[in-house]
Structure formats: structure tokens, C-alpha cells
Amino acid sequence: MLGVADASWAQRTGSTGRKSKAQLERERRLTLKRINETSRILEQTQQQKQASVGQLNALKEKLTVQQGVIKNISSELRYIETDVKQTENQVQQTRQSLEQLKAEYARLIYAGSKTANGYNRVMFLFASESFNQFMLRLRYIRQYTEVRKAQAAQISHTQQRLSTQLTGLKEKQEEKGSLLTTQISEKKNLLTLKTQQDQVVTKLTQQEQSLRQELATRQQAVTRLDNLIAQRVREEIARAARLAARRAAAKAAAARASTAATAPSRSPGATARTTTTEATEAAAEAAAERVDRVTMTPEGAELASSFHDNRGRLPWPVGRGFISQHFGRHNHPVLKNVVVENRGVDIQTNAGEPVRAVFSGKVLTVASVPGMNTIVMVQHGDYFTVYAKLRSVSVSEGQTISARQTIGTVSTDAEGTSEVQFQVWHNSSNLNPENWLGRK
């Protein structure tokens, strides 16, 4: 996770795809919330005197969000300027209408002054040449009086409308002035952040050797994690295949036993057939070892289908934070000509932040991987989600868990960076988690 004015604006701008004022205000509130969250994360990384990549990532995120705030304010200003111009036109039209009404009322007053007293009205009536003319003149006098009253009421209503429009115009002008002040302040904040970013980049560039050592250590940890995940996936594929083969063999044996029970006598070749059956079962289990995908039960297939249907809508594994390193290959944030590859996404968050399962499933693995701290691997049919860099874990292997259930807490490294790595796998295929997570 409009009002009349907002609805009319949406109609006016719908063809160009521009957002309504309500949408812009809502986005600004959410963006400011993101800035506050990122500021808290940045403060934690700044507690360490030495500059870190985590600190640089937090600054980059805050810069991106800050630019979004300024862009949002500019859109709101354009909206208000358009609204101010329209209100000014309405005020001008209302003033012209009021002047016309006053002029018409003045003519009525002047015309009515000729028969202002009761004597003139009586004389006007009794000067009629016929009864019909008398009734027509009487009706005219009554209508004339009603028109004067209606005209006076219309003038009063128009004056009230003009007063309301002028008040609204003043409020919009004040809002515009307030937004301009905010925009100037946010631009100053942006310049400050850019200066801080440049300073951190300069410090990190001077630490090139330690950064390269840190990168090498990370790559070793990534390799260990990749090997563990691949091994566990292979084991699960083989285990499920063997189980399916045994179930099929047991079902076939039960069918044969039922057939044999109804037969009149055992044939001489029964022992040979039994030996052949055992050989067939052994061959089936051997073939199961070569399967390259999880053989699922009906329940597992339903869970996998439900997981797949929630693509793009899965909750984030942490309640607060931002993606500090995206999926796939990309340049190192400091080291030149160095490309790093990420099997998942790294999400930087607050220290001690709870880590939650993104979907219901079974805990397949809880293990310790040097450089990745504790990892939890959850199975969802033939899909797997991996949560690495955990400080503590609150689930155990074989446990069935539900979506959004807390499985542990995020760890914080020596540089003050609190980060969890999240991966998604389909059998042995590595997927981009950003395509599966919903909008935060």
C-alpha cells in the first residue's frame, strides 16, 4: 500500500498518465518513511570510524530516495500551479458574473422605483381596461417581486462562492510557498549527502588492498554457500525420487499380492517372477538417482503451484531495509574493473532485525557457513528459498513453518553492516528474487 478535486485532476491528466495529487502526497509520505528507515541504517554503519561498503550502500540508497522526494515535490508543485491558475480563472469568472448580476439588479430596482409605493401599484391595477388585463398586471407585480428576491439571493450566493474561491486560492498559494521552502531544504540535504558519499568513496579507494581481501573472502563464502545449496538440492531430488520409486514398487507389489491371492495355485515360475520384480525395483531406485528435479507428492505439487502463483507478491524477508546488492553480475561499488556476481539479493537492514519466511514450507537445512554465518533453507515443493547471514535461528530442520513466521535474526558484521542474503531456487535453477518479492 480521491475527492472531487483529485478526481477532476485525474480526468484531466489521465490521458498523459500523470498522477493525482493524492497519489503524490501518499508517495511523498512513503518516501519520507523510507528516508527515516535508511537514516537509521546509515547511523549504525557510521558508528564505526572506518568507512565501509555498507555505509556507502546506505548513502547511495538515501541519495536515491532523496532524489525521489525532490522529484515528487516538483510534481506536486506543477499540480498546485495548474490548480492555482484554474482557481484564478474561476475567481475572475465569478467576479464578472457578480458584476452582471449587480447591474441587472440595479435595473430592476430602478424600474421598480416607479411603482415603489402602494398607491402607484393600486392605480396601475385599476387602470386596467378589462378583468383579464387586471389579472395579468397583478401576476406581473408578483413575478417582479419574486424575481427581485431571487436576484438578491443569487447575488448573495455568488458573493459567498467568490469568498470561498479566494480562500481556497490563498491556501493553495500558501501550500505552494511551503512546498518551495521544503524543496530548497531537500536540495540542500541532497548536496550534503553527495558530499558524504564522495568522502566515503575517497576513503574506500584508499583501502583498496583491504577491499580486495574482503572481496576474496566473500567470494569464498559465496562458493561454500553455493556448494551447500547445490548439495542439499541434489540430495532432496534424489530422496524424493527414491521415495516415489519405493511407493510405486510397494503399490505394484500390493497389486501382485492381490492377484496371487485370487489365483487357484502357485505356478512353478513364481520364484523367478519374484526375483525379477526385486531386480526391477532395484533398477527403478537406481534410475531415481539420475532425476534432475524434485519428484513431488500431490501436497508438494499444490504447495509449489501456490508459491509460483505468488510470484511478484511474496513478502520481504525483513520488515525494514533496502537492496544493497542486486542479483546477477554488476560492477563493484569502489574497485574499478572488478565485477561481482550475486546469486540472490543482499538486503541491508537494522541490527537485530527479525528475518521471516516469505512462504509456508518445510525447513530443509539449518547450517553454519563461514563468511555467511548461519543459513536456513526452506522447501516449497520444488522451490527453495535461502536466508543467509543470520545471527540466530529459531527453527529446526524438518519443521513445517508458515509464511511470515520468524526464522531468526540478521547478523551484524565488524563494520556495523546488518545484512541478510535472500535466494530463490527452482530445483537446480537459480532465480532472481527481485522478480518474486512484492513492492515494499
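**Buried charges and salt bridges**

D226 is buried, because its relative accessible area is 15%, and buried means under 20% relative accessible area, exposed over 50%, and partly exposed in between (1.4 Å probe, protein chains only). This is a predicted model, in which local features need pLDDT of at least 70 and side-chain atom pairs count only at pLDDT 80 or more, while totals for chains, interfaces and linings use all residues. Residues are numbered from 1 along each chain as its sequence is written, and side-chain values use heavy atoms, with hydrogens and water left out.

**Salt bridges in general**

- Side chains of opposite charge can pair when their charged atoms come close.
- A salt bridge here is a side-chain nitrogen of Lys or Arg within 4 Å of a carboxyl oxygen of Asp or Glu.
- Searching the whole structure gives 9 salt bridges.

**The pair R343 and D226**

- D226 and R343 form a salt bridge through their side chains, with an N to O distance of 3.3 Å.
- This pair links distant parts of the chain, 117 residues apart: D226 is in helix α6, and R343 is in the loop between β3 (339-342) and β4.
- Helices (H or I, at least four residues) and strands (E, at least two) are DSSP runs, numbered from the N terminus.
- R343 counts as partly exposed because its relative accessible area is 31%.

**The network around D346**

- R218, D346, K389 and E419 are linked in a network of salt bridges.
- Within the salt bridge between R218 and D346, the closest N and O atoms are 2.9 Å apart.
- This pair links distant parts of the chain: helix α6 (residues 208-262) holds R218 and strand β4 (residues 345-349) holds D346, 128 residues apart.
- R218 is buried because its relative accessible area is 19%.
- D346 is also buried, because its relative accessibility is 1%.
- D346 also meets K389 in a salt bridge between side chains, at 3.8 Å from N to O.
- D346 lies in strand β4 and K389 in strand β8 (residues 383-393), so this pair ties together parts that are 43 residues apart in sequence.
- K389 is buried, as is D346.

- E76 belongs to helix α3, which covers residues 53-113.
- E76 counts as buried because its relative accessibility is 2%.
- Leaving aside residues up to four places away in sequence, E76 touches L24, E25, R28 and L179.
- Contact means heavy atoms within 4.5 Å.
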